[in-house]
Amino acid sequence: LMYFIYSVISNLVFLFSPILILFRLIKGKEDPNRFQEKFCFYSKKNNFKSVWFHAASVGELMSIIPVIEKIEKNKNIKQIILTTSTKSSAKIFKNYKFKKTFHKYYPLDTNYLTNKFISIWKPQLAVFVDSEIWPNMFKNLYEKGVPLILINARLTKKSFERWKIFGKFANDIFSKISLALPSNLETKKFLKKLGTKNIHIAGNLKFYGNKKINTSNKFSLKKKFKNFKILCAASTHGEEEILIAGLHKNIKKNFKKLLTIIVPRHINRSEEIVNNLKKIDLKIIKHSSGNKLKKNTDIYLVDTYGEATKFYQLSKITFVGGSIVKHGGQNPLEPARLGNYIINGPNIDNFKEIYAFLSKNKISVTTSNIKKMQKEIENKLYKKLSISKTEKIFNIGEKILNKNIHYLIKYIT
């Protein structure tokens, strides 16, 4: 019955999707040249079997890139299809020079379109990242005998409680997963209760980071910022920019050379951020403007995608957002790997185990107390993380990546 109800709902969405897509095109959230892919219209025919990865957006895409880079080297694989749902993730994919991997947009989850997608791309294996659960796609993959892997799987208590309401339906969907590789122990417990049989803990892929960091812009940036002491604020949401701006003003009283680099989670909010910070009398330069820094510049706003890494290399402490607002936090590992102490608010449910690891190793401090935040930032502005601590993160990440690939390869060869 629930499949029938879900099919009715997904078909209704399909029916109204042209209006929805048009609205998203106007708002700049869809690619005018490629939105047809969501309805399984493609410019080229496909003649090969493929290994298929699906990652919802930027965060999931970044966690799966190292896996794809390693799997591309496997001679048994002719092509890899990577689907995502957002324009921003498609943009970031373009930065990578893959030989066998192509990006497409994920189709709407109707029975007809999911079947069409499978018949066009002929996946021999489907790998879904994080918490991507799509009933019609799962059902059709299962019926066609395509193994389905949920990698870096993550289920929050909230989403588990939601699935539990539809017990039999949930069991029917989750039992179709051939292999689940949860990113934490809590997810393992939830997956088991929802009916997934084959579960192995392989660790959270977000621990992994490439040691060969692109440093091509590092020196020109260092030169650009050489007269300043840098505080970084990454993946900020809403009022978090105001909070950081307030901290900046207070700290600047003692540290005249302070410059705060803000890398918002959603760059389409850039104008709103600029307007809010101008109201509190701060001097702002946007990265995309290419303008030179002045002595009195307060905030450098990174309003471009995929460049955060460059800026973490300039700072010694980073505030990681999504943690003051009720969002569940953002991944703090990238700035930590690059030698930054982490400061964050208390709302970090999405990355509980990662923050516990960072806290245990004295890499992060969790607080919502503004005075404590200020004190921590002032203490760490000149103090870089020890190499032994960053090495520890790199080594754990390497082990986790290899373990995940070890399980995947069994389904490919």
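Does Thr297 count as buried or exposed, and at what relative accessibility? In this predicted model, Thr297 has a relative accessibility of 2% and therefore counts as buried, a class that requires a value under 20%. The residue sits in a loop, between strand 9 (284-286) and strand 10 (299-301). Along the sequence, 39 residues separate Thr297 from Leu258, yet the C-alpha atoms of the two are 9.0 Å apart in space.

Leu258 belongs to strand 8, which spans residues 258-264. Seven of the seven residues of this strand are buried, so strand 8 is largely enclosed by the rest of the structure. The covering extends to both faces: Leu258, Thr260, Ile262 and Pro264 are buried on one side, and Leu259, Ile261 and Val263 are buried on the other. Strand 8 pairs with strand 7 (residues 229-236) in the parallel sense, and the pairing runs over seven bridges. Within this pairing, Val263 of strand 8 is the bridge partner of Ala234.

Strand 1, formed by residues 50-54, is also mostly covered, with five of its five residues buried. On one side of strand 1 the buried residues are Ser50, Trp52 and His54, and on the other they are Val51 and Phe53. The strand pairs in the parallel sense with strand 2 (residues 79-84), and five bridges join the two. Val51 has Ile80 of strand 2 as its bridge partner.

Helix 2 comprises 14 residues, 58-71. The distance from its first C-alpha to its last is 20 Å, close to the 20 Å expected at 1.5 Å a residue. Helix 2 is mostly covered, eleven of its 14 residues being buried.

Most residues other than glycine have a negative phi. Asp130 has a positive phi, near 75°, and is not a glycine. The residue lies in the loop between strand 4 (123-129) and helix 5 (135-143). With a relative accessible area of 4%, Asp130 falls under the 20% cut-off and is therefore buried. Lys362 likewise has a positive phi, of about 55°, without being a glycine. Its loop connects helix 14 (352-360) and strand 13 (364-366). Lys362 has a relative accessibility of 63%, over the 50% cut-off, and so counts as exposed. Asp130 is thus buried, whereas Lys362 is exposed.

The second largest pocket holds about 420 Å³ of space. Its lining is made up of 18 residues, and those nearest the centre of the pocket are Val13, Pro107, Leu108, Asp109 and Trp134. By residue class, the lining of this pocket consists of ten nonpolar, four polar and four charged residues.

Note on methods: Residues are numbered from 1 along each chain as its sequence is written. This is a predicted model: local features need pLDDT of at least 70, side-chain atom pairs count only at pLDDT 80 or more; totals for chains, interfaces and linings use all residues. Side-chain values use heavy atoms; hydrogens and water are left out. Helices (H or I, at least four residues) and strands (E, at least two) are DSSP runs, numbered from the N terminus. The expected span of a helix is 1.5 Å times one less than its number of residues. Buried means under 20% relative accessible area, exposed over 50%, partly exposed in between (1.4 Å probe, protein chains only). On a 1 Å grid over the protein atoms alone, a cavity is a set of points where a 1.4 Å probe fits but cannot get out, and a pocket is an open set with protein on both sides within 12 Å along at least five of seven lines; lining residues have an atom within 4 Å of a point. Grid points are joined across faces, edges and corners, and a volume is the space filled by probe spheres set on the points. Ala, Val, Leu, Ile, Met, Phe, Trp, Tyr, Cys and Pro count as nonpolar, Asp, Glu, Lys and Arg as charged, and the others, Gly among them, as polar. Two strands pair if DSSP finds at least two bridges between them.
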